[in-house]
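Trainee: I'd like a close look at one part of this model. Please take me through its surroundings as well.

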Amino acid sequence: MENKPSWEISPGQTFPLGVSQVDNGVNFAIFSQHATAVTLCLVFPERGPIGTLDGGIIELALDPHLNKTGDVWHICIEDLPRSNVLYGYRIDGPQDWGKGHRFDRSIVLVDPYAKLIEGRRHFGDISMKLSKFLGTYDFDSLPFDWGENYKLPNIAEKDLVIYEMNVRAFTNDESSGLDNNIRGSYLGVIEKIPHLLELGINAVELLPIFEFDELELQRRPNPRDHMINTWGYSTINFFAPMSRYASAGGGPANASQEFKQMVKALHSAGIEVILDVVYNHTNEADDPHPYTTSFRGIDNKVYYMLDDKGQLMNFSGCGNTLNCNHPVVMELILDSLRHWVTEYHVDGFRFDLASVLCRGTDGSPLNAPPLIRAIAKDAVLSRCKIIAEPWDCGGLYLVGSFPNWDRWAEWNGIYRDDIRKFIKGDSGMKGSFATRVSGSSDLYRVNKRRPYHSINFVIAHDGFSLRDLVSYNFKHNEANGEGGNDGCNDNFSWNCGLEGETDDASIRALRSRQMKNFHLALMISQGTPMMLMGDEYGHTRHGNNNSYGHDSAINFFLWDQLDARKGDHFRFFSNVIKYRHAHKLFSHENFLSENEITWHEDNWDNYDSKFLAFTLHDRNGEDIYLAFNAHDYFLEVSLPTPPTKRRWFRVVDTNLKSPDDFVLDGVPKVGKTYSIAPYSSILLEAKF
């Protein structure tokens, strides 16, 4: 740029990494062990149309004798504006790919410690498809006002009911009724908090909200170049909130403020915020088709796992694997987590493909991974829920054996599979079903672990929606361009007699019944239940089981469909969740003892039996009887004798139509036997 400003420049300091405000200016610090040259690039955008980044670049070469201490390069600039400055780095170094280096000084790279990221302003703006991403900062804005009466919900883990959701997809459809400027934004979530309260959940687990490039698939010709990444599992930076979730294309500083507004509003409503975080890989893909934006060009050999030939290892299934237990990368991850807790007040984290975090720098599994231990023991993170997805794409399956220090909870994939198999009528699953609904003690009754360390789920963002689960035997992923090769083939689904959508009343009734059976089983199980956004109204992706999400209405929350079903499907789902909250029998702190549950079963080895009944005992006599019939015929079942001076009241019978399928006060005059319909379940409560 001509006419460079006459700034006062000093060597700067090594700490903290990233951009910081110091007494004599703005300090920049970046780690690179193997770099031979680092240039700080500054951009002062002169904005024309929103989303363009016009303006010259000022490049300041850092002197390794003055601006480098150890492996940290640093510089301090006086009189630099306190906001509205974009920055990045050009970094050069060895060109030896065989030793793991991928330096390319032609690319301006994003600072891994940037707290805000600027790119295109509007989600999916094709006119800005090749937009660059740069770091920025905002030292002008006042600290966010959390309010005098603000407090964290601090919900006990055993009392959580988690709702997995995507910020954009939750309100982006026009049926949300929101103004176009806030649809698909953090502020849009605030507008729909009444729905979350009506449903009864008390924690949201947000699909990734770290900065990502939703148009990454459209940067080169490929079978998926028609798609938009709506899910976000392709992180550019671990500190910056997704800027295009700001309202009205407001940019990164507004995104930061509005994310805090959302957290504050959710907390005020008694709802915790858990972030789905992706520390197992980044957006930078693989060597054949790299998308270099940051780590790869800064120090590939440090940030990624490499084999002995300098090639990227791929335990994530996404082309690269973050070198999580390298000391520098481990500190980056810990700093990121602390940032989200201290700056944004989030309540916990779900770690995507967390088994990657259990691998050493050579990719081999570790029995006591330093990063996993550090997260469990960290003082700042001590109040947080920490949840592992305990597997990766390299076959390291750790359900029930994830290193935990009695802190880590786990997505219980075995729970998901066993519940699906039993409810759809597979033989030989009765014992496994009993184990899962009673807390999976075979997996978690170790040391000081508790039932709530099992995150129970039937449906998640991966794979079929709940309606798909009862409508399809096979994947139908035609829209995503992968030819059905994506996702898992073992979905343990059942179409109830016909593949796909149908007008057949009997099949539709059976599907409705099965969805209610799954939901009831989930909500009466010991452990922490998690459900997926949209399952409360029975949405479908038409089998769209892909890890990016096709950007069309079938993945959006359709509020008009919700309104159409509030008298039936939603009502049942909401009431069952609230019933769980009201009855602590379903959320024991410890594993069930013999006097807390009675199994009405004397033939556990009967392979053909698809019926299970049991009673949960309450010290005040308010026992609850549950029975699940996965046979294709009626069963006349003898009921146990209720506690003294009480009798059984029917609360749930999934075979009945709304509103009789759930009656909060219970229906009296239940006799000594009950005729349980095929593929249905009941819940009886002992009352005076």
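Trainee: How many of the 10 residues of strand β8 (residues 83-92) are buried?

Mentor: Seven: 7 of the 10 residues of β8 are buried, so the strand is largely enclosed by the rest of the structure. Buried means under 20% relative accessible area, exposed over 50%, and partly exposed in between, with a 1.4 Å probe and protein chains only. Strands here are DSSP runs of E, at least two residues, numbered from the N terminus; helices are H or I runs of at least four. The model is predicted: local features need pLDDT of at least 70, side-chain atom pairs count only at pLDDT 80 or more, and totals for chains, interfaces and linings use all residues. Residues are numbered from 1 along each chain as its sequence is written, and side-chain values use heavy atoms, without hydrogens or water.

Now the neighbours. Strand β4 (residues 37-43) runs antiparallel to β8, joined by 7 bridges. Pairing requires at least two bridges found by DSSP. Opposite C41 stands G88 of β8. Strand β10 (residues 134-138) is also antiparallel to β8, with 3 bridges. There, Y87 has G135 as its bridge partner.

Next, L42. Leaving out residues up to four places away in sequence, L42 touches V85, L86 and Y87, among others including W7, F28 and I77. Contact means heavy atoms within 4.5 Å.

L42 also belongs to the largest nonpolar core, of 165 residues, and is one of those touching the most other members, including F28 and Y163. Helix α12 (residues 505-524) gives the most to this core, 9 residues. A nonpolar core is a set of buried Ala, Val, Leu, Ile, Met, Phe, Trp, Tyr and Cys residues joined through side-chain atoms within 4.5 Å.
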